[in-house]
Amino acid sequence: MRGFQRSGRSPLGNLPLELNTFVGRSTELAHLAEALETSRLVTVTGVGGVGKSRFAARGAARTDVRDGAWRVDLSAVREPDLVEHTVVEALSLTDQTSRPPRQVLLEDLAERQLLLVLDGFEHLVDVCASLVGELLRCAPGLRVLAVGRRPLDLEGERLFPLAPLAEHEAAELFEDRAAARVPGFALDGGNRPDVRELCRRLDGIPLAVELAAGRLSTLSPAQLLSRLEDRFRLLTGGGRDALPRHQTLRTAIGWSHELCTPEERLLWSRLSVFAGQFDLEAAEYVCSGEGLHSDDVLDVLGELLAQSVLSREETAAGVRYRMLDTVGAYGAHWLEATGDGPRLRRRHRDWYMGLATWCELDWFSPRQGEVATRVETELPNLRRALEHCLTEPGEAHLGQYLAGTLWFYWVGCGRLSEGRHWLQRGVELDSDRDQSRLKALWVLGYVAVLQGDMVPALTALQECRAEADRTGNATAVAYAEHRTGCLALLSDDMPHAESLLRSALDRYHVIGELNSNVLMGQVELAMALAFQGDLPAAVNLCEDVRQVCEDHGERWALAYALYVLAYGAQAKGDQARARRLLEEGIGIGHAFNDLLGTVLAIELLALVTADEGDPAEAALLQGAASRMWPSVGLPLFGSAYYNAPHEQCEANARERLGDGRYEECVREGARLGQEAAVSRALARAGVRPLGALSAPRALPPNMRKPVVSPTSKGGETTG
């Protein structure tokens, strides 16, 4: 059985939508289709700017494969260790265990038939070749369409060199893009010769042609050709010998760069510090100063957009911008030449540390769903900021702070594995800032507890507690004690769990801490009390949590409180109330991609369903849960207490169905993926599963002044 779960995105792929016309290449697309029919690994190669990514996406969209075509964008990934995490993310898999991501991929793809589009791998060729080779050996239904400037050099690889556009197709592309900039533009007898010669001189490289078309609002085709001819003559000594294609592109980009105003060139170089997408607010902060006022960034950015240096994208997090890799690399070269690179990287770091700090604060608010979407969108830039902090001398404490501040994303949005990667790297570094290291330690312990990795969890929490006691950090003491209590709870030591959790909650009260973590402490204490037979006290605690969640708009912790309330309702025989509470909790957990909360609620819902008189549906839900658990960890934590409802449901269903029919229903449920399982669980209520979270509104105005240092409370948030 596969040990993975798929989030709520499309089950048939994630290929990007085309935002403008795809021009030409009908013959190449037909040949690519033939190659994909006969070879399991096809690598599209070619010079930068030749249109490899767009061509591959178009070809993948035309490929008929049962489980869809899935694109992995590796262009913004710099660390080899993150390649497998990025593929897991692109495939919409959720795995909250400590298993290596490669193992998750191998189990997922073993039974599937899909096309994996691996785009932009050339700077990570060794790790990508290793991964692709093993995946192809172990997943017979997998085909890979790799896209890069060089081969993977694997056995069975079929190379597909992509040539530039033919002259007539390049002219057609120019006409299409020019008409988008200058309404009414069309090729005619007057401009056609100049356009065709321009495209010929640009070797038909699509990126170069689009950059030229972007200039048509200020220059005629004849003027464009004249200026470009001057640039080529300088490079060829006045002759007409053709330049190599890679030099043609660089020349075209350099020519476009020369035509920019000083402010446009400055912004072009500074925008190269971003990884993937960015928004206007980030550009205004990171790229302003020393020759470019923040108030001017919007206008200058608009000019770069009009010249095709940037592209504009609509996302769940609002309007964002992207610079093509080749264009960005040119800008990065100029940025380093100016000596301004270190300052821009620090400003980039500061912005995303500020973003993470505000998102942590906003997690405990009605904007919780928007925060989840925002951080998901900003993950490539947050990774770049983390990598900067953890490799730059003297900045380890900032990396520890940033990795710890993102606890809500690692824990609440199904990112335990990647979170542990960054946290572990952070705590392994020496730091002179105790607050940052202590926060990273307790978050690392928390993540390891949830992954069921109890020994490393206890080690991290004990170190955190000892250092917090030594330095007098009351906040870190409270968090370390809280998470040690959570560990005791999942280890079935209920008296010890109760003692630790009560003490931690008292400490939170003394220091004035109120956030989602504190509410989860109350929920965990309630579970310890319920398991010891004190249901009234457990229910009272969670009713209090429910009220605080409603007051603050908190949803994630609410789902766990609803689980405890449903546990109490089921025990009292009120199955209708238990079902309502569980259905609400499942919808919340699924929206946040919190697989742990979702599967716990489905397990208890199975018992409720059996008590309502439908043992077949109860067994099916147990089967669905059984498929989810390998992606969470040890089923029901290996806890006798958490397992009791499961055993009660199974005994009930087996008695009424018989062993054969029960097992048949369990197998049927085990065939359901996460999306189908959630839909099945909510079917009786007629509730449509929550999909993507709402797009975020703008962050508060003072987000423009990023927080770059831990707060006086060690980075923990207060209500």
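The model is predicted: local features need pLDDT of at least 70, side-chain atom pairs count only at pLDDT 80 or more, and totals for chains, interfaces and linings use all residues. Residues are numbered from 1 along each chain as its sequence is written, and side-chain values use heavy atoms, with hydrogens and water left out.

Select the open sheet of 5 strands, whose order is 3-5-6-2-7 with parallel pairing. Strands (E, at least two residues) and helices (H or I, at least four) are DSSP runs numbered from the N terminus; two strands pair if DSSP finds at least two bridges between them. Strand 3 (69–73) and strand 7 (158–161) are at the edges, each with a single partner strand, so one side of each has no neighbour in the sheet. On average, neighbouring strands of this sheet are turned by 20 degrees against each other, direction ignored. Next, select strand 2 (residues 41–45), which pairs with strand 7 in the parallel sense over 4 bridges; here Val44 stands opposite Phe160.

**Helix 3 and His85.** Helix 3 lies across strand 3 and strand 5 (114–119), at about 145 degrees to strand 3. Axes are lines fitted to C-alpha atoms, for helices over the stretch in contact, and angles run from 0 to 180 degrees between N-to-C directions. Within helix 3 (residues 83–90), select His85. Leaving aside neighbours within four places in sequence, His85 is in contact (heavy atoms within 4.5 Å) with Pro101, Ser417, Glu418 and His421.

**The cores.** A nonpolar core is a set of buried Ala, Val, Leu, Ile, Met, Phe, Trp, Tyr and Cys residues joined through side-chain atoms within 4.5 Å. In the largest, of 190 residues, Leu116, Leu271, Trp556 and Tyr642 touch the most other members. Helix 26 (residues 556–571) gives the most to this core, with 13 residues. A second, separate core of 25 residues includes Leu173, Cys199, Ala212 and Ala252. Now select helix 8 (residues 206–213): 7 of its 8 residues are buried, so helix 8 is largely enclosed by the rest of the structure.

**The helix pair.** Finally, select helix 23 (residues 494–511) and helix 24 (residues 516–531), whose axes come within 9 Å and cross at roughly 150 degrees. These two helices are therefore roughly antiparallel, a term for angles over 145 degrees. Among the residues of helix 23 that meet helix 24 are Met494, Leu501 and Tyr508.

Notes
Buried means under 20% relative accessible area, exposed over 50%, partly exposed in between (1.4 Å probe, protein chains only). Angles under 35 degrees count as roughly parallel, over 145 as roughly antiparallel, 65 to 115 as roughly perpendicular and the rest as oblique.
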